Amino acid sequence: MINMCLAIPAKVISRKDGKARVDFGEGVLREVNIELVDAKVGDYVLVHAGYAIQVLDEKEAQETLQLWSEILEAEILQK
Amino acid sequence: MSETLRFRDPDLANRVAEKIRKLTPRKGTIKICHVCGTHEWTITHYGLRSLLPKNLEVIAGPGCPVCIVPASEIDEAVQLAQKGVVVVCFGDVLRVPGSKESLLDAKAKGADVRVVYGVGDAVRLAKKEAGKDFAFFAVGFETTTPSTALEIINKPPENLSFLVSHRVIPPAMRLLVEMPDLNLDGFIAPGHVSTIIGLKPYEVFPKQYKIPIVVAGFEPLDLLFGIFMILKQLNNGKPLLENEYVRAVTREGNVKAQELMRKVFEVKDGNWRGLGTISSSKLGLRDKYEVYDACSKHNVNVEQGVDIQPGCRCHLVVIGKIKPSECPLFMRACTPEKPVGACMVSVEGTCRIWAKAKEEQLISPDLG
């Protein structure tokens with residue numbers, strides 16, 4: 001069952017021309033098209049219907065969680 | 001990614017929900033609209049509505065690109081299949097009702113209709129079976145459109161053409177905010193459409209319509225934070241465009257993908273099932289690529305189809321005017337096994353998402 005909007009993060013293991021071998025985790029490896037993005041081996045990409053559509057920013061992911069923690073710790077809500 | 005679990009942390013979720021509750025005014029209703037089937041899936045699957053105050057509503061707009069494909073386009077696909085063209089489509093398009101039948105009905109009667117995961121598979125099939133004519137039914141919003149554009153630019157095999165059904169979501173959002181009886185207070189912008197289009201197309205919402213809009217990701221914490229951010233804006237009295245999904249969405253979006261789409265497609269007025277015609281909302285092949293148009297190639301044209309079957313209320317569900325449970329056909333005459341309307345067919349359809357959640361609860365009552 002394929003969820004159309006859903007794009008799943010995967011790690012780029014290898015690449016050749018316009019295709020890349022990516023790891024979705026738990027041993028699930030697939031070949032996807034990477035012509036829509038500038039991705040290097042080791043990058044995480046969002047994959048949608050067989051195409052990488054964006055490179056994920058791990059630093060931003062960690063900063064998001066950091067930001068959320070800060071918001072939750074804040075004593076005073078900004079007016 | 002290692003942090004995924006924190007994006008689903010129930011303790012964190014409860015704490016954000018508490019903050020949301022504090023920010024929700026006691027009186028009146030706040031209505032936030034999202035336009036993404038996958039957002040509805042997360043909200044329903046994780047029971048997020050049960051965490052929100054009763055007077056804070058999150059409604060599902062037309063975020064299901066399969067649900068809004070008009071019957072006329074399904075009819076065109078069926079006609080192509082009946083003419084002997086191998087029609088290739090995404091899985092959930094197969095059972096979407098046309099005016100009289102679906103592609104699955106046509107397939108049952110002997111037409112060659114094949115399901116694929118992506119447009120790349122259609123190219124592979126066409127190359128492999130060079131003796132047959134293939135047509136790819138290109139359905140989807142801006143998340144999917146770039147891949148179609150890419151394959152067209154890369155010169156598809158001669159025996160492959162495209163039935164283009166792509167649409168763009170911001171015009172539908174404008175339609176909803178302009179509906180006087182819908183009374184929207186804020187938008188959750190779609191996550192993966194935004195990885196492609198960036199933030200600029202949403203500027204009109206705080207600027208012209210004066211309503212908050214936040215781009216949110218797909219984990220439950222993403223959505224809860226998105227809702228929190230909207231409420232903060234409402235409390236501050238200053239509508240803004242904000243981005244919660246910073247790990248995937250940048251201000252400019254995917255520029256490469258945008259250029260490909262611009263090269264191959266132009267924007268036209270288009271019919272949306274249940275919504276009628278929305279101006280500048282549909283994509284069509286530019287003259288240079290007209291040669292790949294399946295309808296022109298095979299002389300197929302359906303002007304108008306029957307979009308809503310008798311008794312069906314998909315046109316109300318798709319703008320969030322009613323909940324699936326408020327449709328008299330829901331889980332009676334209309335079920336995932338025997339769907340009446342498109343909202344019950346597509347995996348991103350609001351009715352189907354609610355139906356599946358309901359079914360799961362019957363099996364495991366302790367879920368959500």
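Trainee: In which loop of chain B is the place of B:Asn299?

Mentor: B:Asn299 sits in the loop between α12 (294–298) and α13 (314–317) of chain B. Please keep in mind that this is a predicted model, in which local features need pLDDT of at least 70, side-chain atom pairs count only at pLDDT 80 or more, and totals for chains, interfaces and linings use all residues. Residues are numbered from 1 along each chain as its sequence is written, while chains are lettered from A and ligands numbered from 1 in the order in which they are written. Helices (H or I, at least four residues) and strands (E, at least two) are DSSP runs, numbered from the N terminus.

Now for the strands of chain B. An open sheet is formed by four strands in the order β4-β3-β5-β6, with parallel pairing; two strands pair if DSSP finds at least two bridges between them. β4 (113–116) and β6 (160–164) of chain B are the edge strands, each with a single partner, so one side of each has no neighbour in the sheet. On average, neighbouring strands here are turned by 30° against each other, direction ignored. β3 (residues 86–90) of chain B runs parallel to β4(B), joined by four bridges, and B:Cys89 stands opposite B:Val115 in β4(B). Helix α3 (residues 71–82) of chain B packs on this sheet and touches β3, β4, β5 (134–138) and β6 of chain B, with its direction at about 155° to that of β6(B). Axes are lines fitted to C-alpha atoms, for helices over the stretch in contact, and angles run from 0 to 180 degrees between N-to-C directions.

Chain B also meets chain A: 33 residues of chain B are in contact with 30 residues of chain A, contact meaning C-beta atoms, placed from the backbone, within 7 Å. On the chain B side, the elements giving two or more residues are α2 (37–45), α6 (145–153), α8 (191–197) and α11 (255–264) of chain B.

Chain A itself has one helix and five strands, ordered β-β-β-β-β-α from the N terminus. Of its 79 residues, 39% are buried. Strand β1 (residues 8–16) of chain A pairs antiparallel with β4 (residues 44–48) of chain A over four bridges, where A:Ala10 stands opposite A:Val45. Five bridges join β1(A) to the antiparallel β2 (residues 19–23) of chain A, and A:Lys11 has A:Asp23 as its bridge partner there. The hairpin of β1(A) and β2(A) has two residues between the strands, and in it A:Asp17 takes a positive phi near 50°.

Key: Two residues are in contact if their C-beta atoms, placed from the backbone, lie within 7 Å. A residue is buried if 20 or more other C-beta atoms lie within 10 Å of its own, exposed if 12 or fewer, and partly exposed in between; C-beta atoms are placed from the backbone.
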